[in-house]
Amino acid sequence: MKIVEKEFAVENDFPEFKAGDTITVHYKIIEGNKERIQQFRGVVLQRKGSGTTETFAVRKMSGNIGVERIFPTASPFIQKIEINKRGKVRRARIFYLRKLTGKKARIREKKF
Amino acid sequence: MEGLIGKKIGMTSLFEEGKNVPCTVIQAGPCVITQIKTRKKDGYDAVQLGFDEKKEKHCTKAELGHFKNANTTPKRKLVEFTKFQTEVNLGDILNVEFFKNDTWLDVRGISKGKGFQGVVKRHGFHGVGDQTHGQHNRNRAPGSLGASSNPSRVFKGMRMAGRTGGNQVMMINIRVMKIIPDNNLLIVKGSVPGPKGSFLIITK
């Protein structure tokens, strides 16, 4: 029965990405009555949930401060997602990245 | 109030006008009219609806006869509705489209049982005193139950610890977000009492 209501899930054409990848999220923000598109570029920490309730968390370093944002995958505000790098990580959820700084916080790129 | 019997399927969230809205999926119907009670015969006017299939071997002979009168298969849940405005006949089947013109509904159900709970969870007491300054084991205590030698008893109805949940709860004016007639699904905004799979009474 639950599957049935997934039928009206929003179709989106985002590329596949996993934890460890560096992505840029283009999302719409509304200020008063003006609309503009903002980018958020960072490392994917996790993907969580399924269907209409799926979310993903992106972390970036803004100067010295870590900024994390959680986006619902079904959000109508996300215009597009670009993949900048494919990271090589062993875990599906890389929260250990929060504690690391500098050289240690680098993620090895996936070789194809 | 006229309405239908339903079953809670589960919760999810949907985007509506740019907002992520929590919502509950309810299977409402198909309900069969199993009996029409009249003032002349039964002393009051009501319509009895049946919902959810049941095996014949789990029925008593009296039940089987009752369902046979309405010309249907045995049903698990029977509920009476008074003041049914829609004209119905014995054996008619009602499904979600019954609600297609409604935006606000009331939903009744049995809330989740929580067992024997203290006074903080059960009645929203705040416990006694501070957490620090030498204080111990009073954090979730109820405090005083009343005065001393006058009246030298505890008044009736004093709120204390005990069985919590498992009561009938009615949610008034729940907004209908969407109706899927193919599967008799009703999607409403917010939560609804009871665990998944429990019966609900949905009224207009």
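A:Glu54 and A:Arg47 form a salt bridge, with their closest N and O atoms 2.8 Å apart. A salt bridge here is a side-chain nitrogen of Lys or Arg within 4 Å of a carboxyl oxygen of Asp or Glu. A:Glu54 is buried, at 16% relative accessible area, whereas A:Arg47 is partly exposed, at 27%. Buried means under 20% relative accessible area, exposed over 50%, and partly exposed in between (1.4 Å probe, protein chains only). The model is predicted: local features need pLDDT of at least 70, side-chain atom pairs count only at pLDDT 80 or more, and totals for chains, interfaces and linings use all residues. Side-chain values use heavy atoms, without hydrogens and water; residues are numbered from 1 along each chain, and chains are lettered from A in the order in which they are written.

Over all chains, the count is 15 salt bridges. B:Arg39 bridges to B:Asp45 at 3.9 Å between the closest N and O atoms. B:Arg39 is exposed, at 59%; B:Asp45 is partly exposed, at 41%. In chain A, a network of salt bridges links A:Arg59, A:Glu68 and A:Arg98.

Aromatic rings also pair. Rings of Phe, Tyr and Trp (its six-membered ring) pair if their centres lie within 6.5 Å; planes under 30 degrees apart count as stacked, over 60 as edge-to-face and the rest as tilted. Eight aromatic pairs are counted over all chains. B:Phe98 and B:Phe99 form an edge-to-face pair, 5.6 Å centre to centre with 65° between the planes. Both B:Phe98 and B:Phe99 are buried. One aromatic cluster comprises A:Phe17, A:Tyr27, A:Phe40, A:Phe56 and A:Phe71.
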